[in-house]
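Biologist: Could you take a close look at a single part of this model for me, and then show how it sits among the rest? I'd be glad of the cut-offs behind each term as you go.

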Amino acid sequence: MSKKILVTGASGQLGALVIDSLLSRTEGSDIVALVRREEAAAPLRAKGVEVRLGDYEDPAALAAAVKGVDRVLLISGSEVGKDRPAQHGNVIEAARAEGVELIAYTSILHADESPLWLAEDHKATEALLAQSGLPTALLRNGWYTENLTAGLAPALEAGALIGASGEGRYSPAARADYAEAAAVVLLSDAPAGIYELAGGESFSMADFAAEVSAVTGREIGYADLPEPALKEVYTGAGLPEVVAHMLADSSANAASGALEGSGAQLETLIGRPATDWRDTLRAALA
């Protein structure tokens, strides 16, 4: 029997890819997309998906959004620095009150032991999920390769990538890989559990810089900075303080392996190797 699946944050980068992956596996009539604004609804409706409006700070809208839904994918809020656990808690409470059979949540790799500042909100949300009593699927996504390619433009301009990760290694996967894994879990017969998801090959930032050099034909190095200096560069470039802190903290903790993981579970779920980080890099440079 088909399941009615609600995807929150459905117009965001990850959410839109989850919707597409679900549509390749099930009927649009089985999918409900939650978006904050009406202008984001039209492209989803054009795909045959039901759209409901609401945001994480509107309990009444969330209660309406989960009506008649069997499973919920709670995509973590994108507003880093806000009280995201409280926002997520509103979704969890709506799902609990509706009695959904499963709630899946996009957490972070090794959330229970991660030293990342970014992991704190995820740990708090995982605790709320445990307290809810709902069957839960924790999609502990590793770093996105796109997080690294996002900094290519200034790196090409400056002739160097910057970071604070030393020789620490990353095991990222493409955003589409994580979206596909989420869709597979949501449609599986026994979805509850903990999924530690990462790419299939690890590399250092020096390796990443070397590949940028090989693709562009330009000498692009890697400059390793102390965490405070890296944060200062980010704020000087106009990033908000909280975003600069998150990026510098993540890079610094990568030095001790916080962003390295195994690709085994991700590749088992999606039934193929995770997207090669070099392919994502080449696409970003194209």
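Modeller: Gladly! Let's start with Ile162, whose bridge partner in strand 11 is Ala223. That pair belongs to a set of four bridges joining strand 7 to strand 11 (residues 221–224), and the two strands run parallel. Strands here are DSSP runs of E with at least two residues, helices are runs of H or I with at least four, and both are numbered from the N terminus; two strands pair if DSSP finds at least two bridges between them. This is a predicted model, so to speak: local features need pLDDT of at least 70, side-chain atom pairs count only at pLDDT 80 or more, and totals for chains, interfaces and linings use all residues. Residues are numbered from 1 along each chain as its sequence is written, and side-chain values use heavy atoms, with hydrogens and water left out.

Strand 7 has two faces: Leu161 and Gly163 make up the covered one, while Ala160 and Ile162 lie on the uncovered one. In the loop between strand 7 (160–163) and strand 8 (169–170) you will find Glu167. Glu167 counts as exposed because its relative accessibility is 74%; buried means under 20% relative accessible area, exposed over 50%, and partly exposed in between, with a 1.4 Å probe and protein chains only. The C-alpha atoms of Glu167 and Pro85 are 33 Å apart, and 82 residues separate the two along the chain.

In the loop between strand 5 and helix 5 (119–132) sits His110. Its backbone deserves a glance: His110 is not a glycine, yet its phi is positive, at about 50°. Most residues other than glycine have a negative phi. With a relative accessible area of 25%, His110 is partly exposed.

Asn253 lies in helix 11 (residues 241–254) and counts as buried, at 15% relative accessibility. Setting aside neighbours within four places in sequence, Asn253 is in contact (heavy atoms within 4.5 Å) with Pro115, Leu116 and Ala258. Thr280, in helix 13 (residues 277–285), is buried too, with a relative accessible area of 11%. With neighbours within four places again left out, the contacts of Thr280 are Thr145, Glu146, Thr149, Ala174 and Thr275.

Finally, here is the whole around these parts. The protein has 13 helices and eleven strands, and 49% of its 286 residues count as buried. Of the contacts between residues at least 6 apart in sequence, 76% join residues at least 24 apart. The C-alpha trace spans about 55 × 35 × 35 Å along its principal axes. Its radius of gyration is 19 Å, which agrees with the value near 19 Å for a compact globule of 286 residues; the radius is taken over C-alpha atoms, and the globule rule is 2.2 Å times the number of residues to the power 0.38.
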